[in-house]
Amino acid sequence: MSSTVLHHEFQVISTAEHVRPARHETAKVLTDWGISKRVVDTACLIISELVTNVVRHAAVLSPTATVTLAVDQAALVLSVADAHPLKPKALPAAHSVGGRGLFMVNALVGEVHGRAEVLSDIGTGGKRIVIHLPLAPAAI
């Protein structure tokens, strides 16, 4: 098991106007850590989508969400946790009624050969969506 080298955690209020500050804090922290622009851009898009999902689907039971950014030996680990117990499932394709957020997140993660998982968060009774993005570009 690899140990965490860098770690940053912050709370986000589950309202639409707090998506942008979450994206900006993510960009600042990852840039300060020396993460490549390409990985930072991907991470910011993923955090924006995940926080937006909290706002749209979990805010009623989760007035805040926790965003965690971490770097271990091989990956950037992003997570967004909320107190809503319903675990989301990405639709197989984007729909006009929704489902684009996780569909896009899964596409971005797959594109860089990362991985995504949805875990129960025992502390809140909700869930945590965890994304692992390689720090080095994937071999083609």
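Start by selecting aspartate 41: with 40% relative accessibility, this residue counts as partly exposed. Here buried means under 20% relative accessible area, exposed means over 50%, and partly exposed lies in between (1.4 Å probe, protein chains only). Before you go on, note that this is a predicted model, in which local features need pLDDT of at least 70 and side-chain atom pairs count only at pLDDT 80 or more, while totals for chains, interfaces and linings use all residues. Residues are numbered from 1 along each chain as its sequence is written, and side-chain values use heavy atoms, with hydrogens and water left out.

**Stop 1**

A salt bridge is a side-chain nitrogen of Lys or Arg within 4 Å of a carboxyl oxygen of Asp or Glu. Helices (H or I, at least four residues) and strands (E, at least two) are DSSP runs, numbered from the N terminus. Lysine 37 is exposed, at 60% relative accessibility.

**Stop 2: a pair between strands**

Now select aspartate 82 and lysine 127. Their closest N and O atoms are 2.8 Å apart, forming a salt bridge. This pair links distant parts of the chain, with aspartate 82 in strand S3 and lysine 127 in strand S5, 45 residues apart. Is aspartate 82 buried or exposed? Aspartate 82 counts as buried, at 5% relative accessibility, and lysine 127 is buried too, at 6%.

**Stop 3: another salt bridge**

Next, pick glutamate 117 and arginine 115, which form a salt bridge with their closest N and O atoms 3.3 Å apart. Glutamate 117 is partly exposed at 27%, and arginine 115 is partly exposed at 46%. By this rule, the count of salt bridges comes to five.

**Stop 4: the nonpolar core**

Finally, select Ile46, Leu78 and Ile131, the residues with the most contacts inside the largest nonpolar core, which has 32 residues. Such a core is a set of buried Ala, Val, Leu, Ile, Met, Phe, Trp, Tyr and Cys residues joined through side-chain atoms within 4.5 Å. Elements giving two or more residues to this core include strand S1 (6–13), helix H1 (19–32) and helix H3 (100–111). The largest share, 10 residues, comes from H2.

Which residues does isoleucine 46 touch, not counting residues up to four places away in sequence? Show Leu78, Val105, Leu108, Val109, Ile131 and Leu133; contact means heavy atoms within 4.5 Å.
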